[in-house]
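These are my notes on the model, as numbered points. Please read them with the structure open.

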Amino acid sequence: EEECLRLKKLRVKVLRQEFQQLQAHYRLAPRPETVTEWLESIGLGEYAEAFGDHGVEQLDELLHIEEDDLNEIEKGFGAPLSEGRAQLFWHHLSLLQSALESENDLDPDT
């Protein structure tokens, strides 16, 4: 039981480090201009057409996307996202949304 707890703590530490690295990546990497570019940057470029078919082409449109929206878009994928790829999508989406919201907060024209 003690070993299990130690492994869980180690896993949490590793996940935090990975999350911090991804946050740094989003701050430093060139910002994608379109949903297609963003999907390609996270290794999910093959799904860009399905997003485009549902009118989701600009990054700002991802600010308000919800799980129901993704479920509808996912019908155009040909096969459902695996649990891992879905988690990858939602993880990167939350980072992108944070970055976009920060940009909007700094932009006096929005």
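1. Glu-3 counts as partly exposed because its relative accessibility is 43%; buried means under 20% relative accessible area, exposed over 50%, and partly exposed in between, with a 1.4 Å probe and protein chains only. Its side chain meets that of Arg-6 in a salt bridge of 2.7 Å, N to O, the term being used for a side-chain nitrogen of Lys or Arg within 4 Å of a carboxyl oxygen of Asp or Glu. Both residues lie in helix 1 (residues 2-28), three residues apart, about one turn of the helix. Arg-6, at 46% relative accessibility, is also partly exposed.

2. The model is predicted: local features need pLDDT of at least 70, side-chain atom pairs count only at pLDDT 80 or more, and totals for chains, interfaces and linings use all residues. Residues are numbered from 1 along each chain as its sequence is written, and side-chain values use heavy atoms, with hydrogens and water left out.

3. The protein chain has five helices and zero strands; helices (H or I, at least four residues) and strands (E, at least two) are DSSP runs, numbered from the N terminus. Of its 110 residues, 26% count as buried.

4. The count of salt bridges comes to three. One of them joins the side chains of Glu-46 and Arg-85 at 2.3 Å, N to O. Glu-46 lies in the loop between helix 2 (35-41) and helix 3, and Arg-85 in helix 5 (residues 83-106), so the pair ties together parts that are 39 residues apart in sequence. Lys-75 and Glu-72 also meet through their side chains in a salt bridge, at 3.2 Å, N to O. Lys-75 is exposed, with a relative accessible area of 64%, whereas Glu-72 is partly exposed at 39%.

5. Glu-74 lies in helix 4 and touches Pro-80 and Leu-81, not counting residues up to four places away in sequence; contact means heavy atoms within 4.5 Å.

6. Ile-65 sits in the loop between helix 3 (48-53) and helix 4 (67-74). This residue counts as buried because its relative accessibility is 9%. Leaving out residues up to four places away in sequence, Ile-65 touches Phe-51, Ile-73, Trp-90, Leu-93 and Gln-97. The C-alpha atoms of Ile-65 and Gln-97 are separated by 9.8 Å, with the two residues 32 apart along the chain.
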